[in-house]
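This report goes through selected features of one model, from its loops to its sheets and helices. The sequence and structure come first.

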Amino acid sequence: MPAHTIEIPWGGRTLPVALPEGWELISTLEPSPRAAVEDATAEAERALSEPIGSPRLRDLVKPGTRIALVIDDGSRPTPVARLLPAVLAELQLGGAALDQILVVPALGVHRKMADGEVAQRLGGELAAQLRWEHHDCDDPARLSSLGTTSRGTPVLINRSVAEADLIVSIGCIEPHIIASFGGGYKNLIPGVAGRATIAHNHGLNCTPSTFNMVGQPIEGNPMRQDLEEGARMLKAPVFIVNAVLNSNLQPVAVVTGDPIAAHRAGAKISASIYGVPVPAMADVLISGSHPMDQDLRQGVKALANTVRAVRPGGSMLTLVRADEGVGVFGLAEKGLPLKRNALKVLTPLLLPLISRLNLKGVSEEEKFFLYFALQGMRRADLMLYAPTIPEKIHPNLPFVTFMPSPEAAIERARQRFPGKARVLAAPHGGMTYPILPD
């Protein structure tokens, strides 16, 4: 008889993972329950009436003001269509007409959104009244150079955004493996930045001490500090409207105002939901992708968010729902020209070079993921249960071992820990992160 059975959320049901006799479940990382607001639009209206560190949005509008409205793309769970009516009403109260507003989706290096996807994200009726353009991080004619940060990042920003008189950014604040938390200025860098900007900025955290920054203090995060320095080079004021979501991806709060002060207030709320203290590092860590169940690219956040809670030499099982399969994930599609054993041998040599490698079809963001994955592989035996991922993809990700079932993964871990083992479980690992004891 198993000592414990862990229930992992799995597409409207749960997937049981039974632990062997002798294994001790020392803690389960559960996000703090937060009730959703009754009306997201009303919550946005409240937040717009109480901006943090900034005048009201209506007071930043002047006659003829050119407004760039930056919205995050479909890879984020932000309820843009429910926040937008309050934002537009506030701008109109300041005297702005809808034809003064240009919507720019924050694509970064992600794929271009189809017009229909943008329209759906904005909401049908409002989309018909607004103009938008598609950001292209590789088109120099559509980028403006603002200078270079103190860390050496060239600041190239979408020209329409850089030339606007007012920038309004709609996004969400959630734990983020590179940036500590999403939201704030991050919608601008990398969201509407050039590829060279994104590459250098992401590369700053390809170091042994900064590759895992999820939930960590922003003051100690070079990448986050750098992107905020770069975004402050914009001449126009920036006003953020950021939602904080619960584990069901429902908004529990909206913060508005200054991109630093308002963001920090929202990050505190997010941390109070998703940062979970654990008593000790685990021999075996079991993490589920919920609520990031869309695809493999999103699902591996469950590995990234929680891996620091498994001790060196331990085992980690990540269960990824990936309803849409691989998703837009160049590293998985292209793969690496190395087998696992060779990769393990060469990893110490590869790690310092990752940010400078030219890997065809692999984005700058995915170079960071590669760095992270290699560090993770050095730390623990990484196993992945992801039944929607085709077998032809498996060799392309040699730092993890794809398992045919949770039971097979537990048996593999049992070979490493045949007697006792301390286990941590993270059923909602897609957004939950551990707070380790000092």
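## Cis peptide bonds

P190 sits in the loop that runs between β11 (180-181) and α6 (195-203). The peptide bond joining I189 and P190 is cis, with omega at about 15°. A cis bond also joins H290 and P291, where omega is about 5°. P291 belongs to the loop between β15 and α9 (296-299). Most residues other than glycine have a negative phi, and most peptide bonds are trans.

## Basis of the values

The model is predicted, so local features need pLDDT of at least 70 and side-chain atom pairs count only at pLDDT 80 or more, while totals for chains, interfaces and linings use all residues. Residues are numbered from 1 along each chain as its sequence is written, and side-chain values use heavy atoms, with hydrogens and water left out.

Helices (H or I, at least four residues) and strands (E, at least two) are DSSP runs, numbered from the N terminus.

## Residues with positive phi

L249, although not a glycine, has a positive phi of about 60°. Its place is the loop between β12 and β13. With a relative accessible area of 29%, L249 is partly exposed; buried means under 20% relative accessible area, exposed over 50%, and partly exposed in between (1.4 Å probe, protein chains only).

A322 is not a glycine either, and its phi is positive at about 45°. The loop between β16 and α11 (330-334) holds A322. Relative accessibility is 0% for A322, which therefore counts as buried.

## The mixed sheet

Six strands make an open sheet with mixed pairing, in the order β6-β5-β4-β9-β12-β13. Two strands pair if DSSP finds at least two bridges between them. At the edges are β6 (131-132) and β13 (251-257), each of which pairs on one side only. Strand β9 (residues 166-173) runs parallel to strand β12 (residues 238-245), and seven bridges join them. I173 has V244 in β12 as its bridge partner. Helix α2 packs on this sheet and touches β4 (67-72), β5 (101-106), β9, β12 and β13, and its direction makes about 150° with that of β9. Axes are lines fitted to C-alpha atoms, for helices over the stretch in contact, and angles run from 0 to 180 degrees between N-to-C directions. Contact means heavy atoms within 4.5 Å.

β4 and β5 are parallel, with six bridges between them, and D72 is opposite A106 in β5. Six of the six residues of β5 are buried, so the strand is largely enclosed by the rest of the structure. In a regular strand the side chains alternate between the two faces of the sheet.

## The parallel sheet

Another open sheet has six strands in the order β3-β19-β15-β16-β17-β18, with parallel pairing. Its edge strands are β3 and β18 (401-402), each pairing on one side only. Helix α14 (residues 406-416) packs on the sheet and touches β3, β15, β16, β17 (381-385) and β18, and its direction makes about 170° with that of β16. Six bridges link β15 with strand β16 (residues 310-319) in parallel, and G288 is partnered by L319 in β16.

Strand β19 (residues 421-426) is largely enclosed by the rest of the structure, because five of its six residues are buried. Five bridges join β19 to the parallel strand β3 (residues 23-28), with E24 opposite R422. Four bridges join β19 to strand β15 (residues 282-288), also parallel, with V284 opposite V423.

## Helix packing

Two packed helices are described by the angle between their axes and the distance between the axes. Helix α1 (residues 40-49) packs against helix α2 (residues 80-93) at about 40°, with the axes 7 Å apart. This angle makes α1 oblique to α2 (under 35 degrees counts as roughly parallel, over 145 as roughly antiparallel, 65 to 115 as roughly perpendicular and the rest as oblique). The contact involves A40, T41, A44, E45 and L48 of α1 with R82, L83, P85, A86, V87 and E90 of α2.

α2 and helix α3 (residues 115-122) have axes that come within 6 Å and cross at roughly 60°. Here V80, A81 and L84 of α2 meet Q120, R121 and L122 of α3.
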